[in-house]
Amino acid sequence: MAESFLRANIDTTRLDGFSYASRKTPEYMNLNLVRCLQCDLVYADDPPSQDELARAYHVADYDSAEEADDAAIAYIHAMRSTLMALPRRESVLEIGAGTGVLLEHLRLQGFTELVGVEPSAAAICAAPLHRQPWIRKGVFQEQDFAPGSFDLICCFMTMEHVLDPKVIALAAFRLLRPGGAFVTVTHDYQGRLNRMLGKRSPIIDIEHMQLFSATSIRTLFETTGYRDIRVERFVNRYAFRYWWRLVPAPGPVKRTVARAAEVVHLDGVKLGFNVGNSMTSGVKSA
């Protein structure tokens, strides 16, 4: 059973190279979204095909390397307890790896086999040369990897973008070694800020095939076999200029404030906020 959540709102004349790029300026466009009355998942009931999505992400532009670096620092801090609980730290897979900056941080945590999957050619090209061999270009496919071969699988700000998140969660379960952990970061549409902004929240986006809540992401992990499930909010730290880019203010106001912030050297100041993003972790039973 499902109810209407948000009617489709797409203006194809406004689509450009950044429409399927990460951490872009919000467009406030969306597919037709409905909400499951049982699990609380919001999802697109008529999504694009897998081939259409793959093409869109492959050709997307990329200009968010600084924000990706900031996000990786926040993710490592938030997942510290999960890393400490792993029986071993050897192999890690990141689904939606971007420039591979999180893999860089995980190497410092002791991981020696670093594998990322990323559909955006521009993001891979933006990665430092030493990271590029870690990243496979394309859409994640379970059959590309051996079962039981990873100690940690990360999927950060990517679960909203896939056609069926249960396919990803089940694949990760099969690819993990016993005792290994699957960790995701997702938006929470039930978060206070997102509820307050409504249609003007940055999470209302043409890229999003679904939107999670604490209830629906926990349900996903429970129904795919994970134990020791934890769903926790955490603080993101980004430069003022990025946070301001997300604010739903009129264009002239945004440009004026952005210029003023640059003049007084506020634009690069890092600010931390809990904007409703959740980190969820689950363990494959030994």
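A search of the whole predicted model finds one cavity of 30 Å³ or more, where a cavity is a set of points, on a 1 Å grid over the protein atoms alone, at which a 1.4 Å probe fits but cannot get out. The volume of this largest cavity is about 30 Å³, a volume being the space filled by probe spheres set on the points, with grid points joined across faces, edges and corners. Its lining, defined as residues with an atom within 4 Å of a point, consists of Ala78, Met79, Ser81, Thr82, Arg230, Glu232, Met279 and Ser281. By residue class, the lining divides into three nonpolar, three polar and two charged residues, with Ala, Val, Leu, Ile, Met, Phe, Trp, Tyr, Cys and Pro counted as nonpolar, Asp, Glu, Lys and Arg as charged, and the others, Gly among them, as polar. At least two lining residues each are supplied by α3 (80-85), β10 (227-233) and β13 (278-283); helices (H or I, at least four residues) and strands (E, at least two) are DSSP runs numbered from the N terminus.

Because the model is predicted, local features need pLDDT of at least 70 and side-chain atom pairs count only at pLDDT 80 or more, whereas totals for chains, interfaces and linings use all residues. Residues are numbered from 1 along each chain as its sequence is written, and side-chain values use heavy atoms, with hydrogens and water left out.

The structure holds 19 salt bridges, each being a side-chain nitrogen of Lys or Arg within 4 Å of a carboxyl oxygen of Asp or Glu. One of them joins Glu3 to Arg35, with the closest N and O atoms 2.9 Å apart; this pair links distant parts of the chain, Glu3 lying in strand β1 (residues 2-6) and Arg35 in strand β2 (residues 33-36), 32 residues apart. Arg35 also forms a salt bridge with Asp40, for which the closest N and O atoms are 2.8 Å apart. Glu3 is partly exposed at 35% relative accessibility, while Asp40 counts as buried because its value is 10%, the cut-offs being under 20% relative accessible area for buried, over 50% for exposed and in between for partly exposed (1.4 Å probe, protein chains only).

A further salt bridge connects Asp151 and Arg88 at 3.1 Å between the closest N and O atoms, linking strand β7 (residues 150-156), which holds Asp151, to the loop between α3 and β4 (91-95), which holds Arg88, across 63 residues. Asp151 is buried, with a relative accessible area of 3%, whereas Arg88 is partly exposed at 35%.

Val263, Val264, Leu266 and Val269 make a nonpolar surface patch of about 340 Å², patches being made of residues with over 30% relative accessible area and no salt bridge, with like charges joined within 9 Å and nonpolar side chains (Val, Leu, Ile, Met, Phe, Trp, Tyr) within 5 Å. Val269 is found in the loop between α10 (251-263) and β12 (270-273) and is partly exposed at 33%. The loop between α10 and β12 also holds His265, which has a positive phi of about 60° although it is not a glycine and counts as exposed at 64%.

Notes:
1 Å grid on protein atoms, 1.4 Å probe; cavity = no way out; pocket = protein on both sides within 12 Å on 5 of 7 lines; lining within 4 Å. Areas by Shrake-Rupley, 256 points an atom, 1.4 Å probe, with all protein chains shown as cover.
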